[in-house]
Amino acid sequence: MKTADCGLAGQRIVVTGSSRGIGRAVAMRLALGGAQLVVHGRRRSPEFDRTRAEVESLAPESTALTADFSRPAELEPFVEACFAGGQPVHAWVQVAGADILTTELRAAPLRERLEALWQVDVVAAALLLQFAGERMRNQRLGPGACSIVTIGWDQADQGMAGEAGLVFGTTKAAVHGLTRSLAQTFAPQVRVNCVAPGWIRTAWGEAASEGWQKRAKAESLSGRWGSVDDVAEAVAFLVSPASQFISGQILPVNGGWQQGRADLTAEQ
């Protein structure tokens, strides 16, 4: 994890879903860069407490909030809490999503998994970012001074065979559309971009079958899994002043997509 600040010092940034995985890596990267954070978890947990403690050790003025984004009534109060006290929010990173791969939802019927993803990754994200984007625009910090980053999927626009492709392709393609629409809605004050990870070795990747291990490496021109830090570096760039002329973009972080791998099979 690099420590260059990318101009992040003094920025206040909300990172939702920052208890573990990509969200945690993003929070740590931004705190190392000098940003003050609002870290978020669905509820108090050992992972949430660990992230909170480590972020606060790097950025003492950071805070931590919990909210369950599957509950509509908790969305706007969460945004209001992030903006409370009159402090500006310079960036918002929407990482939070329903975990259907490593929780009890992995064994749920297709409809339940799809509904869980849709409610959190799409509906809640759209409402949260509408609320947050309006407040960020009204801060009037100058064109491009504020930014929003969403998390998509590098295969969402082309699709992938199987149930995984159905649920993630459907929801993450919606996130891509949401990103482009919000960029137009909040321009020029707020930039909105999407980081679209490819095969990233999160908790699911660590335990994935041999078929998925081979596929993940073969479908990247880099010949390896991506890391959560690879994603965090891309996010750090997109929330930094270095990217002030970039908005409405989907940035794949996948080592280069290796197409035409129909000969590869993995458990669906």
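Reply: Happy to. A cavity here is a set of points, on a 1 Å grid over the protein atoms alone, where a 1.4 Å probe fits but cannot get out. Grid points are joined across faces, edges and corners, and a volume is the space filled by probe spheres set on the points. This is a predicted model, in which local features need pLDDT of at least 70 and side-chain atom pairs count only at pLDDT 80 or more, while totals for chains, interfaces and linings use all residues. Residues are numbered from 1 along each chain as its sequence is written, and side-chain values use heavy atoms, with hydrogens and water left out.

The structure holds one cavity of 30 Å³ or more, and the volume of the largest cavity is about 70 Å³. Its lining (residues with an atom within 4 Å of a point) consists of Gln94, Val95, Ala96, Asp121, Ala125, Leu129, Thr150, Ile151, Lys172, Val175 and Leu178. Two or more of these residues come from each of α4 (110–138), β5 (146–151) and α5 (163–186); helices (H or I, at least four residues) and strands (E, at least two) are DSSP runs numbered from the N terminus.

Now for the surroundings. The chain has eight helices and seven strands. Of its 268 residues, 48% count as buried, meaning under 20% relative accessible area with a 1.4 Å probe and protein chains only. With contact meaning heavy atoms within 4.5 Å, 74% of the contacts between residues at least 6 apart in sequence join residues at least 24 apart. The C-alpha atoms fill a box of roughly 55 × 35 × 35 Å along the principal axes.

Key:
On a 1 Å grid over the protein atoms alone, a cavity is a set of points where a 1.4 Å probe fits but cannot get out, and a pocket is an open set with protein on both sides within 12 Å along at least five of seven lines; lining residues have an atom within 4 Å of a point. Buried means under 20% relative accessible area, exposed over 50%, partly exposed in between (1.4 Å probe, protein chains only).
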